[in-house]
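Welcome, and take a moment to look over the model shown here.

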Amino acid sequence: MTARIENVRRLFEKLDINGLIVTDGDNMKYLTGFYGGTGDGLVLIGAEKAALITDARYEDDMRTKLPEDVQLLVTRDYWGVAMAAAKRYAITKLGFEDTIPYRDFDYIDENFVGEDIAPVPGLVEAIREVKDEQELNALRKSAEVAVAGFEELLTVVHVGMTEREVANTLDAIMRRRGATKASFDTIVASGVNSSLPHAEATDKVIETGDLVTIDFGYYVDGYTSDVTRTIAFGEIDEELKTIYDVTKQANEATLAATHAEMASAELDAVARDVIAQAGYDKQFTHGLGHGVGLAIHEGPYIGKTSEDLLHAGMLLTIEPGIYLTGKGGVRIEDDIIVTTDGMENLTAGLTKELIVIEK
């Protein structure tokens, strides 16, 4: 984690700062291992020294976990101690995450004794986009649990279950397999509900002839997954079969095209062109994907308006979809690691052939 803090310091000169306050929970965890979350502490980084500022609830545990070059300052007055430490660290130009509440900005503005303060948008988040090997291994494990858990779900789901029952069953399976929590409310959207890209699981009963989209992600060892498969219960409508095939082709074409240093908008276009050629361009209503790591949604964003570039070591979702209002929809989502000359598909173990549940 020392290397991660050094990566932050390397950007100080470019940003015309010589210190940074980090308050976002995921960013603090990334830099120091602190797991309290947003609101339970601060990280202060100076040119040579750094500190985690938190309270006694975390003292004993963090003393054993903090990197050696990060001080632990225990207090309930996070901001007051941070201002005093900034003075000791000779910070004259203090950056702060631009997501902080106004009351915290106001405190810094009134109490920082250096020359200037400056909002810094997305600094740590940008560094987090490219994962180190430790993170990639954690993401591989998270995806492995997701794949195995979904395959187990397929052995127990049946017509007559409600969407909520399926979601709760999957949650229980994943926890039993080592997941700590879901990264979002598990989506199970059946029949006409599957035409809603972010539908909530309801008490709707799954019927024969339903296409069912299941979108799920679970934390394992602090890192999460984000996977979607669409399955059929019995014989489905011919047009639903068609959009399934087109979505699958779009997914596979995108995976084949992925490589480092390409524009994310270019990757989005690969999937969008396949879907447009089939006549469903207006039914693909969202971006192709996004980064995943400590948070379920991280950079880069993969969409037609994105200006992000792909770099080796990024973890991306690839999730094209087609949604027919009032009829049904399909989304197929994989988690991949971008490599220099291609990608590594962490969810390749889940078939993309249309799964039909006959019971």
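Which elements each supply at least two residues of the lining of the largest pocket? They are α9 (163-176) and β12 (289-291). Before going further, please note that this is a predicted model, in which local features need pLDDT of at least 70 and side-chain atom pairs count only at pLDDT 80 or more, while totals for chains, interfaces and linings use all residues. Residues are numbered from 1 along each chain as its sequence is written, and side-chain values use heavy atoms, with hydrogens and water left out.

**The pockets**

A pocket is an open set of points on a 1 Å grid over the protein atoms alone, where a 1.4 Å probe fits, with protein on both sides within 12 Å along at least five of seven lines; lining residues have an atom within 4 Å of a point. Its volume is the space filled by probe spheres set on the points, which are joined across faces, edges and corners. Helices (H or I, at least four residues) and strands (E, at least two) are DSSP runs, numbered from the N terminus.

The largest pocket holds about 440 Å³ of space. It is lined by 24 residues, and F184, D185, T186, I187 and A199 are the closest to its centre. Helix α9 provides the largest share of this lining, 4 residues.

The second largest pocket holds about 240 Å³. Among its 15 lining residues, T23, T38, G39, P101 and D104 are the closest to the centre. Two or more residues of this lining come from each of β2 (41-46), α5 (78-88) and α6 (102-111).

**The cores**

In soluble globular proteins, nonpolar side chains tend to be buried together. A nonpolar core here is a set of buried Ala, Val, Leu, Ile, Met, Phe, Trp, Tyr and Cys residues joined through side-chain atoms within 4.5 Å. Buried means under 20% relative accessible area, exposed over 50%, and partly exposed in between (1.4 Å probe, protein chains only).

The largest nonpolar core has 33 residues, and V8, L20, L31, I45 and L52 have the most contacts inside it. Elements that each supply at least two of its residues include α1 (2-9), β1 (19-22) and α3 (25-32). The most, 4 residues, is given by α8. Leaving aside neighbours within four places in sequence, L20 is in contact (heavy atoms within 4.5 Å) with residues including V8, F12, I45 and F96. Another core, of 29 residues, lies apart from it, with A250, L255, I302 and I332 among its members.

Helix α5 has its own buried residues: Y78, W79, G80, A82, M83, A85 and A86. They pack against β1, β2, β3, β4, β5 (93-97) and α6.

Just after α5, A90 takes a positive phi of about 60°. D221, which is not a glycine, also has a positive phi, near 55°; its place is the loop between β10 (218-219) and β11 (227-233). D221 counts as exposed because its relative accessibility is 51%. E261, again not a glycine, has a positive phi of about 70° and is found in the loop between α10 (238-257) and α11 (264-277). Finally, G299 and P300 are joined by a cis peptide bond, with omega about 0°, and P300 sits in strand β13 (residues 298-302).
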